[in-house]
Amino acid sequence: QRAANMLGVSRPFLVRLLEEGKLAFHRTGSHRRVYLADLIAFKERRDRGRRDAIRELAREDVRAGTYDIVILPEGAQDE
(Lines give C-alpha, C1' and ligand atoms only; values in the text may rest on other atoms or scores of the structure.)
Protein backbone atom coordinates (compact mmCIF):
# COMPACT_ATOMS: atom_id res chain seq x y z
CA GLN A 1 0.00 0.00 0.00
CA ARG A 2 2.84 2.40 0.78
CA ALA A 3 4.31 1.90 -2.70
CA ALA A 4 0.91 2.63 -4.28
CA ASN A 5 0.64 5.77 -2.16
CA MET A 6 4.09 6.95 -3.28
CA LEU A 7 3.07 6.55 -6.91
CA GLY A 8 -0.36 8.08 -6.35
CA VAL A 9 -2.17 5.01 -7.67
CA SER A 10 -4.58 2.47 -6.23
CA ARG A 11 -3.28 -0.74 -4.69
CA PRO A 12 -4.98 -2.91 -7.38
CA PHE A 13 -3.34 -0.81 -10.11
CA LEU A 14 0.06 -1.26 -8.43
CA VAL A 15 -0.49 -5.02 -8.21
CA ARG A 16 -1.26 -5.03 -11.95
CA LEU A 17 2.01 -3.16 -12.64
CA LEU A 18 3.88 -5.74 -10.58
CA GLU A 19 2.21 -8.74 -12.21
CA GLU A 20 2.79 -7.31 -15.72
CA GLY A 21 6.51 -6.98 -14.93
CA LYS A 22 6.53 -3.19 -15.23
CA LEU A 23 7.90 -2.83 -11.70
CA ALA A 24 10.28 -5.30 -10.08
CA PHE A 25 9.27 -7.04 -6.85
CA HIS A 26 9.93 -10.15 -4.84
CA ARG A 27 7.74 -12.23 -2.58
CA THR A 28 8.09 -12.73 1.14
CA GLY A 29 5.55 -15.42 1.89
CA SER A 30 2.34 -14.17 0.31
CA HIS A 31 3.43 -10.51 0.38
CA ARG A 32 4.91 -8.62 -2.54
CA ARG A 33 7.92 -6.48 -1.67
CA VAL A 34 9.21 -3.61 -3.80
CA TYR A 35 12.66 -2.18 -3.22
CA LEU A 36 12.60 1.58 -2.69
CA ALA A 37 15.30 2.09 -5.35
CA ASP A 38 13.17 0.21 -7.92
CA LEU A 39 10.10 2.23 -6.95
CA ILE A 40 11.94 5.54 -7.29
CA ALA A 41 13.45 4.50 -10.65
CA PHE A 42 9.99 3.48 -11.94
CA LYS A 43 8.48 6.78 -10.75
CA GLU A 44 11.25 8.77 -12.46
CA ARG A 45 10.77 6.86 -15.75
CA ARG A 46 7.00 7.35 -15.57
CA ASP A 47 7.34 11.07 -14.78
CA ARG A 48 9.92 11.55 -17.56
CA GLY A 49 7.56 9.88 -20.03
CA ARG A 50 4.72 12.16 -18.95
CA ARG A 51 6.86 15.29 -19.31
CA ASP A 52 8.04 14.17 -22.75
CA ALA A 53 4.44 13.56 -23.86
CA ILE A 54 3.33 17.00 -22.63
CA ARG A 55 6.27 18.65 -24.42
CA GLU A 56 5.38 16.85 -27.66
CA LEU A 57 1.74 17.90 -27.39
CA ALA A 58 2.84 21.51 -26.88
CA ARG A 59 5.18 21.28 -29.90
CA GLU A 60 2.33 19.95 -32.03
CA ASP A 61 0.09 22.82 -30.91
CA VAL A 62 2.82 25.37 -31.73
CA ARG A 63 3.29 23.83 -35.19
CA ALA A 64 -0.47 23.90 -35.77
CA GLY A 65 -0.69 27.49 -34.52
CA THR A 66 -3.14 26.56 -31.78
CA TYR A 67 -0.87 26.74 -28.72
CA ASP A 68 -2.24 30.04 -27.39
CA ILE A 69 -5.83 29.64 -28.56
CA VAL A 70 -8.40 28.92 -25.85
CA ILE A 71 -11.14 26.57 -26.98
CA LEU A 72 -14.18 26.63 -24.71
CA PRO A 73 -16.58 23.71 -24.46
CA GLU A 74 -19.96 24.14 -26.15
CA GLY A 75 -22.32 26.22 -24.07
CA ALA A 76 -19.54 27.77 -21.98
CA GLN A 77 -19.67 30.99 -24.00
CA ASP A 78 -23.31 31.53 -23.02
CA GLU A 79 -22.47 31.96 -19.33
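Me: What share of the 79 residues in the protein do buried residues make up?
Reply: The model is a predicted one. Buried residues make up 14% of the 79 residues. A residue counts as buried under 20% relative accessible area.

Me: What makes the protein more spread out than a compact globule?
Reply: Start with the elements. The protein has 3 helices and 2 strands. Along the sequence they follow the pattern α-α-β-β-α. The radius of gyration is 19 Å, while the globule rule gives 12 Å for 79 residues. The value is well over the rule, so the protein is more spread out than a compact globule.

Me: What box do the C-alpha atoms of the protein fill along the principal axes?
Reply: Taken along those axes, the box is roughly 60 × 30 × 20 Å.

Me: What share of the contacts with a separation of 6 or more comes from residues 24 or more positions apart?
Reply: Such residues account for 22% of those contacts in the protein.

Me: Why is tyrosine 35 called exposed?
Reply: The cut-off for exposed is over 50%. Tyrosine 35 has a relative accessible area of 53%, so it is exposed. Tyrosine 35 sits in the loop between β2 and α3.

Me: Why does leucine 72 count as partly exposed?
Reply: Leucine 72 has 46% relative accessibility, so it counts as partly exposed. Leucine 72 belongs to the segment after α3. Its C-alpha atom is separated by 22 Å from that of glutamate 56, 16 residues apart along the chain.

Me: How do you know that phenylalanine 13 counts as partly exposed?
Reply: The relative accessibility of phenylalanine 13 is 34%, so it counts as partly exposed. Phenylalanine 13 is placed in helix α2. Phenylalanine 13 and alanine 41 are 28 residues apart along the chain, and their C-alpha atoms are separated by 18 Å.

Me: Which residues make up the largest nonpolar core?
Reply: There are 9 residues in all: Ala3, Ala4, Leu7, Leu14, Leu17, Leu18, Leu23, Leu39 and Phe42. At least two residues of this core come from each of α1 (2-7), α2 (11-19) and α3 (36-64).

Me: Which residues is leucine 7 in contact with, leaving aside neighbours within four places in sequence?
Reply: Leucine 7 is in contact with Leu14, Leu23, Leu39, Phe42, Lys43 and Arg46. Contact here means heavy atoms within 4.5 Å.

Me: How much space lies in the largest pocket?
Reply: About 430 Å³. The pocket is lined by 16 residues, and the closest to its centre are Gln1, Ala3, Arg32, Arg33 and Val34.

Me: Which element gives the most to the lining of the largest pocket?
Reply: That is α2, with 4 residues. Each of α1, α2, β2 (31-33) and α3 supplies at least two lining residues. By class, the lining has 9 nonpolar, 3 polar and 4 charged residues.

Technical notes. Residues are numbered from 1 along each chain as its sequence is written. This is a predicted model: local features need pLDDT of at least 70, side-chain atom pairs count only at pLDDT 80 or more; totals for chains, interfaces and linings use all residues. Side-chain values use heavy atoms; hydrogens and water are left out. A nonpolar core is a set of buried Ala, Val, Leu, Ile, Met, Phe, Trp, Tyr and Cys residues joined through side-chain atoms within 4.5 Å. Buried means under 20% relative accessible area, exposed over 50%, partly exposed in between (1.4 Å probe, protein chains only). On a 1 Å grid over the protein atoms alone, a cavity is a set of points where a 1.4 Å probe fits but cannot get out, and a pocket is an open set with protein on both sides within 12 Å along at least five of seven lines; lining residues have an atom within 4 Å of a point. Grid points are joined across faces, edges and corners, and a volume is the space filled by probe spheres set on the points. Ala, Val, Leu, Ile, Met, Phe, Trp, Tyr, Cys and Pro count as nonpolar, Asp, Glu, Lys and Arg as charged, and the others, Gly among them, as polar. The radius of gyration is taken over C-alpha atoms; the globule rule is 2.2 Å times the number of residues to the power 0.38.
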